[in-house]
Amino acid sequence: MKSFFTFTAIAAFLCLVFAGCWVITTPYKIVKGTVKGTYYIVRGAYEITAGTTKVVYHIGKFTYKVVKAPIEWAFVNEDIETIDGLPPKEAIKQGRVKNSPYTVKGKTYYPMSLEKARTYEETGVASWYGYETLRTKGGRMTANGEVFDPKQLTAAHKYLPLPTHVKVTNLENTKWVIVRVNDRGPFPSDFNPSSVERIIDVSEGAAKRLGFHKKGVAKVKVEAIELKKED
């Protein structure tokens, strides 16, 4: 079975984000989840607009807009010190981010292999992030060089390859959403030691759909979604 990280559409997107090359419009589908009997239909297209890279696609009722960030922008998580042994922005330029080891506050994290990520499933605590970026001037970029937009359905994970799509289910109310993992975190906070227990941080927009925006945290189940190119 082909890995969802090696199909043509994702390769094309990485080419756009990291190398700046041109790709013609390509429709595709994301078909199957890791949960038996669960299927997802996805349609989308690659676009080149106003000199920047933008990807727009849909997974059922969810819409995703991915934009390449200007390289001079600051990261959402400014504590990332190196990626694959390089300065983070140099690693992005060279396309060495997907599952490369990276360092935060002197600690090195080792993302899981692409094969292991295919069947990833975990239950734990989720929080949401992004509010702090609204108080800063200019934009912020994720760990893989995308524009961070708190309204989009995205998430940060310490060990999944970037990008990955996962289904997040709020076990306290059964609401669920599919998010695009495009950032690193959550990491231990100097002000909240218990934050190390979180397994994922979703965007503000995803937290609202999951129904824990006001509460701040929730117990969730996270499951990887497999992607396939449309025939």
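**Questions on a predicted structure**

Trainee: Is R140 buried or exposed in this model?

Mentor: The relative accessible area of R140 is 15%. Buried means under 20% relative accessible area, exposed over 50% and partly exposed in between, with a 1.4 Å probe and protein chains only. Because its value is 15%, R140 is buried.

Trainee: What kind of model is this, and which pLDDT do side-chain atom pairs need?

Mentor: Residues are numbered from 1 along each chain as its sequence is written, and side-chain values use heavy atoms, with hydrogens and water left out. This is a predicted model, in which totals for chains, interfaces and linings use all residues, local features need pLDDT of at least 70, and side-chain atom pairs count only at pLDDT 80 or more.

Trainee: How far is the backbone oxygen of F75 from a polar atom of the side chain of R140?

Mentor: R140 belongs to strand β10, residues 140–141. Strands (E, at least two residues) and helices (H or I, at least four) are DSSP runs, numbered from the N terminus. The side chain of R140 has a polar atom whose distance from the backbone oxygen of F75 is 2.8 Å.

Trainee: With which side chain does E146 make a polar contact of 2.7 Å?

Mentor: E146 lies in the loop between β10 and β11 and, with a relative accessible area of 3%, is buried. A polar contact is a pair of N or O atoms within 3.5 Å; within protein, one must be able to donate a hydrogen and the other to accept it, and residues adjacent in sequence count only if both atoms are side-chain atoms. The side chain of E146 has such a contact of 3.0 Å with that of N144. At 2.7 Å, the side-chain partner of E146 is R180.

Trainee: How far apart in space are E146 and I71, C-alpha to C-alpha?

Mentor: In sequence, E146 and I71 are 75 residues apart. In space, their C-alpha atoms are separated by 9.5 Å.

Trainee: Why is strand β12 described as largely enclosed by the rest of the structure, and how many of its residues are buried?

Mentor: In a regular strand the side chains alternate between the two faces of the sheet. From β12, T164, V166, V168 and N170 point one way while H165, K167 and T169 point the other way, and all are buried. Strand β12 (residues 164–170) is largely enclosed because the buried residues number seven of the seven.

Trainee: Which residue of β13 is the bridge partner of V168?

Mentor: Two strands pair if DSSP finds at least two bridges between them. β12 pairs with strand β13 (residues 176–183) in the antiparallel sense, over six bridges. In β13, V168 has as its bridge partner V177.

Trainee: What is the phi of T174, which is not a glycine?

Mentor: T174 lies in the loop between β12 and β13, a hairpin with five residues between the strands. At 62% relative accessibility, T174 is exposed. Its phi is positive, at about 70°.

Trainee: By how much are neighbouring strands of the β6-β7-β8 sheet turned against each other on average?

Mentor: The three strands form an open sheet in the order β6-β7-β8, with antiparallel pairing. β6 (80–83) and β8 (107–109) stand at the edges with a single partner strand each, so one side of each has no neighbour in the sheet.

Trainee: Which residues do ring pairs link into a cluster?

Mentor: Rings of Phe, Tyr and Trp (its six-membered ring) pair if their centres lie within 6.5 Å; planes under 30 degrees apart count as stacked, over 60 as edge-to-face and the rest as tilted. By this rule there are six aromatic pairs. One of them is the stacked pair of Y102 and Y109, at 5.4 Å centre to centre with 15° between the planes. The cluster linked by ring pairs consists of Y102, Y109, Y159 and F187.

Trainee: Over the ring of which residue does the charged end of K167 sit?

Mentor: A charge sits over a ring if NZ of Lys or CZ of Arg is within 6 Å of the ring centre and within 35 degrees of the ring normal. The charged end of K167 is 4.6 Å from the centre of the ring of W176.

Trainee: What is the omega of the cis peptide bond that joins L162 and P163?

Mentor: P163 lies in the loop between β11 (154–156) and β12. The bond from L162 to P163 is cis, with an omega of about -5°.
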